[in-house]
Amino acid sequence: MASKNIEAPLIWVGGAIIVGAGPSGLAVAACLKQKGIPSLILERTHCLASMWKLKTYDRLRLHLPKQFCQLPLMPFPSNFPSYPTKHQFLAYLQAYADRFDLKPVFGKNVTSAEYDCKRGCWRVRTSNYTDHRREIDTEYEYGCRWLVVASGENAEEVVPQIEGMGEFLGPIVHTSSYKSGEMFSGKDVLVVGCGNSGMEVCLDLCNHNARPSLVVRDTVHILPQEMFGKSTFGLSMCLLKWFPIGFVDQFLILMSHLMLGDTSQFGIHRPKLGPLQFKNLYGKTPVLDGIKRLKQHAVEFVDGKVDNFDAIILATGYKSNVPSWLKGSDMLSEKDGFPRKAFPNGWKGENGVYAVGFTKRGLLGSSIDAKRIAEDIQHSWKATSSS
């Protein structure tokens, strides 16, 4: 029998509270520590970078070269490859936490965070389950001057509700539960979603002798990982220093056509906007579906076509969970949990609230915002200390 919740006294945190122990949260904590400012990291799971550790497939590597993915103050080891594996990245994060003596409080699920105007502080409530013999829901309340939202763009899986899901006899698996294509060997598998995860899962399925098909709902850009021996991303960043984004986009499209051919012959059409403009405008938008309904062994598509499949893998992405717990702040949208202001201005809100890891620009964006947040808090910290 679960115990009753008991009102707990406010636990005051002298520095900042950081919600989330992923790469973004660790980066902010390290930058603050370098400036002599304490922080408390609250993490709902029982490990660092739970998304990377628990919800990613085995073959995953960083999609960008390591120099664009390192966190502030500590580069990747020189012996790591250009594109570190999932396990190498997790080892890097653990070494990062050890180097800066970052010790998150695990098992603390933030249920609400609200600014208290009377006290001039943020009140952060958490719940946790600590006893395996009995289910004990213990609530804690913390107070702090600064609150850093680092729970990330990918806090919760997006699982589309498709007509007939209860009728389909094969497994329907979100990529958060997919590890490898070994269990799908010899089977016809439908992958829903054509982002990095969807494409990589298709390749993994092929390597394990499965027969994947890919649902592409909308237009999409496909670029080679490297051009002229350099990463496409790195090359793009260099070109943008000298040329306008429209010119760079046309160059990328031309080179992609020469290297990959016409993807429209495979049913994959490019958007009218170039890849960089499309990324800046839409960020990482999950592809939901081009499916009308499911049957016992078949999938009916919106164009009327019907095919048989043994399994379905949903590469439909993730979403922020911030709207469910951050209260009374206009900084983040109640609709999608992202900053209302576009990059690079979305990292700071009112009353000492900040957001990191919501730039739609990966680890590089997190590092940029982590440095800004620490510098901004330092100004207030100095003012408070001198008064």
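The structure is a predicted model, in which local features require pLDDT of at least 70, side-chain atom pairs are counted only at pLDDT 80 or more, and totals for chains, interfaces and linings use all residues. Residues are numbered from 1 along each chain as its sequence is written, and side-chain values use heavy atoms, with hydrogens and water left out.

The protein contains eight helices and 21 strands; these elements are DSSP runs numbered from the N terminus (helices H or I, at least four residues; strands E, at least two). Of the 387 residues in the protein, 47% are buried, where buried denotes under 20% relative accessible area, exposed over 50%, and partly exposed the range in between (1.4 Å probe, protein chains only). The accessible surface of the protein amounts to about 19,800 Å², and carbon and sulfur atoms account for 53% of that area. Accessible areas were computed by the Shrake-Rupley method with a 1.4 Å probe, and for residues only the protein chains shown count as cover. Among contacts in the protein with a separation of 6 or more, 64% are between residues 24 or more positions apart; a contact requires heavy atoms within 4.5 Å.

Helix α1 spans residues 23-34. From the first C-alpha to the last, the twelve residues of α1 reach 17 Å, close to the 16 Å expected at 1.5 Å a residue. The expected span is 1.5 Å times one less than the number of residues in the helix. Ten of the twelve residues of α1 are buried, so the helix is largely enclosed by the rest of the structure. The buried residues of α1 are Pro-23, Ser-24, Gly-25, Leu-26, Ala-27, Val-28, Ala-29, Ala-30, Cys-31 and Leu-32. Gly-36, which follows α1, has a positive phi near 80 degrees.

The axis of α1 comes within 11 Å of that of helix α3 (residues 86-99), and the two cross at roughly 25 degrees. The crossing angle therefore makes α1 roughly parallel to α3. Axes are lines fitted to C-alpha atoms, for helices over the stretch in contact, with angles from 0 to 180 degrees between N-to-C directions. Angles under 35 degrees count as roughly parallel, over 145 as roughly antiparallel, 65 to 115 as roughly perpendicular, and the rest as oblique. The crossing of α1 and α3 is left-handed, a term for a near helix turned anticlockwise from the far one by less than a right angle, whereas clockwise is right-handed. On the α1 side, Pro-23, Leu-26, Ala-27 and Ala-30 meet Phe-89, Leu-93 and Tyr-96 of α3. An α-helix has 3.6 residues a turn, so residues three or four places apart point the same way.

Two residues were examined in the loop between α2 (50-54) and α3, namely Leu-73 and Pro-81. Leu-73 has a positive phi of about 80 degrees although it is not a glycine, and is partly exposed at 35% relative accessibility. Residues up to four places away in sequence aside, Leu-73 touches Ala-30, Cys-31, Gln-34, Arg-99 and Phe-100. Pro-81 and Pro-65 are 16 residues apart along the chain, and their C-alpha atoms are separated by 8.6 Å.

Helix α4 (residues 196-207) has twelve residues and a span of 17 Å from first to last C-alpha, close to the expected 16 Å. Gly-198, Glu-200, Val-201, Cys-202, Asp-204 and Leu-205 are buried in α4. The cover over these buried residues includes β11 (188-192), β12 (211-215) and β18 (311-314). Just after α4, Asn-209 adopts a positive phi of about 65 degrees.

The loop between β20 (326-327) and β21 holds Pro-344 and Asn-351. The peptide bond from Phe-343 to Pro-344 is cis, with omega near 15 degrees. Asn-351, not a glycine, has a positive phi of about 60 degrees and is partly exposed, with a relative accessible area of 35%. Thr-359 lies in the loop between β21 (353-355) and α8 (362-386) and is buried at 8% relative accessibility. Not counting residues up to four places away in sequence, Thr-359 touches Glu-153, Phe-343, Gly-365, Ser-366 and Asp-369.
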